[in-house]
Every structure is written in structure tokens, then in C-alpha cells.
Amino acid sequence: GYFDWVLGLSERFSALVLVPSPLPDADCPSWAWVIEFVFMGSKEDPEFKSQVAKLSEAVAGVSVAFATSQNFATWWERNLPTEKEGTTDQIEPFSFNGSGIPGGAPSVLLNATAHRSPALKEKTKQVLLGCKNKVPGENCTGIQLFYDMPGTRASQHFPAEATSISEGFRTANMHVILATLDFREINSFYELGDHSYFGESAFAMDGDSWKHRYWGQNHDRLLGVKNKYDPEHLFWCHHCVGSDTPRPAVSTVVI
């Protein structure tokens, strides 16, 4: 199937896959998978043509509503800004008032071993089929898969302590987001990987598990750097390094 096919892709491919959460149907809910791949090369390239053919075989029997491919001279050309983006690109404050829900964008990073595991296929199937147990009007769980991860660049090796990212991030080749309000669903996927992408993950995590999930073995070293250059912890963000350290009261801050 699809998960087996994607493991055979070279470093010239990157992708995102969206499985929006449908509203449950009394008889049988249905899903639409949106698969968008970027290939570093022409659509006439033999490798591209070969993988498109293999994908068709992998999803044989599935109804394909729309399929197309386009060539762009540069990545900039592919992502030219629009007038609408110019009026909506703004930073909005985030607030979390939920209780008993993960919040944010619950996620997990998976390495090649987890990607190949039967457990990933089974857990994905359970999430999709779980929609059948939802009450009318209750949203089903959506899934997002991202492949633009460091682990997909196997030919590029970097020193383990060259940056602040965890070893789990460095070796990940898939970033999985679950659009869920249920801790049980994301905890099930946490069994597949010990790390998550900081920018898209659950707002609420058990205890101080975020320290390892985000920073891995680098956390204590990073905390030392934080204490050296910001001893009063003036700069703060949720689940950032040192965010659980008590901060002195500051009446006025001038930056």
C-alpha cells in the first residue's frame, strides 16, 4: 500500500499528505486523501515516471478524483505570494483554555523503523475506522503526514551536537499530526516515537515529558546555555528550555 510505496522514494522527493476529518455518517464515513509531492527534477524524469506508476499500483482500487503534475523552474516560482496572503499574513495571539484535551497540533516524529512497522498501519486504520463510533455531528480525527524531515536526507550526515534539535528529530523521516481532542489517540501514536516537532505539537503533555520529546539528550546542555546568557529567564515560551524555572517578578521591561 501507500506506506510501503513511500519508503522506496529517494531524497529527491518531499511531501505532505492530508486526511481531513469527515463528519461521521450513520452508515459509513468516507475519507479523501490529499497527496502532494515535490520532486527535484522534471516530470519527464524516468525516476519520477517510475514512482508515479508504482503509486498507481499501490492505491489500485481507490477512486482518484484529481491527479496532475506541474513543472516549476524554481521553488520561489512555485510559491509566489498572492494578494490574499498579503492581507492575511499576521501573527495572532494563542490562548488555550481547554481542560483534559491535548490542544495545539498533537504530533509525533517517526524514524524509518517506526515508518516500516505494522503498528503504524494498524494505528492509522484504527483512527480512521474510529469515525464509525462517533455520534452524529462529532468530528472525526484527521491525519496529516509530512515528509520534509532531516531523516529523509540519508546521504547528508551532520555532527550529533551541531544544533539544538533532538536526535529523534534528526533521524525522523515523517512528522505525523493528529487532529484530535482525545489523549488516548495521541498517546497511542506516542508509542511509535519519543519525539515531536516543537512547532506543531500538543500544548498539554504529561509532566515534564516535553523536555525529552522536544530536546532529547540536548536538554540539560541547552539549559546550561540558557542559564548562562539569560539567568533571570526574561525570555520565555511554553515548553521552551527552562520554561519550568521560577522567574523573578519584573515590573517593567524595556527591550
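Buried here means under 20% relative accessible area, exposed means over 50%, and partly exposed lies in between, with a 1.4 Å probe and protein chains only. By this definition Lys-211 counts as buried, at 19% relative accessibility. The model is predicted, and local features need pLDDT of at least 70, side-chain atom pairs count only at pLDDT 80 or more, while totals for chains, interfaces and linings use all residues. Residues are numbered from 1 along each chain as its sequence is written, and side-chain values use heavy atoms, with hydrogens and water left out.

**The sheet and its helix**

Helices (H or I, at least four residues) and strands (E, at least two) are taken as DSSP runs and numbered from the N terminus. Five strands make up an open sheet with antiparallel pairing, in the order β2-β1-β4-β5-β3, where two strands pair if DSSP finds at least two bridges between them. Because β2 and β3 (107-110) stand at the edges with a single partner strand each, one side of each is left without a neighbour in the sheet. On average, and with direction ignored, neighbouring strands of this sheet are turned by 15 degrees against each other; axes are lines fitted to C-alpha atoms, for helices over the stretch in contact, and angles run from 0 to 180 degrees between N-to-C directions.

Strand β1 (residues 13-19) runs antiparallel to β2 and is joined to β2 by six bridges; Leu-16 has Glu-36 as its bridge partner in β2. Helix α6 packs on the sheet and touches β1, β3, β4 (142-146) and β5 (174-179), its direction making about 145 degrees with that of β4; contact means heavy atoms within 4.5 Å.

**Salt bridges**

A salt bridge is a side-chain nitrogen of Lys or Arg within 4 Å of a carboxyl oxygen of Asp or Glu, and a search of the whole structure finds eleven of them. Glu-36 also takes part in one, its side chain meeting that of Arg-78 at 2.6 Å, N to O. This pair links distant parts of the chain, with Arg-78 in helix α3 (residues 75-78) and Glu-36 in strand β2 (residues 34-39), 42 residues apart. Arg-78 is partly exposed, with a relative accessible area of 31%, and Glu-36 is likewise partly exposed, at 34%.

Another salt bridge is formed by Lys-123 with Glu-191, whose closest N and O atoms are 3.0 Å apart. Lys-123 lies in helix α6 (residues 118-129) and Glu-191 in the loop between α8 (183-190) and α9 (210-215), so the pair ties together parts that are 68 residues apart in sequence. Lys-123 is buried, with a relative accessible area of 12%, whereas Glu-191 counts as exposed at 61%. Lys-211 meets Asp-208 in a salt bridge at 3.9 Å, N to O, and Asp-208 counts as partly exposed at 48% relative accessibility. Arg-12, Asp-45 and Glu-47 are linked in a network of salt bridges.

**Disulfides**

A disulfide is taken as a pair of cysteine sulfur atoms within 2.5 Å, and the whole structure holds two. Their pattern is 1-2, 3-4, with bonded cysteines counted along the chain.

| Disulfide | S to S distance |
|---|---|
| Cys-131 and Cys-140 | 1.7 Å |
| Cys-237 and Cys-240 | 1.4 Å |

The torsion about the S-S bond of Cys-131 and Cys-140 is about 50 degrees, so this disulfide is right-handed. Cys-131 counts as buried at 1% relative accessibility, as does Cys-140 at 4%. Cys-237 counts as partly exposed at 28%, whereas Cys-240 counts as buried at 15%.
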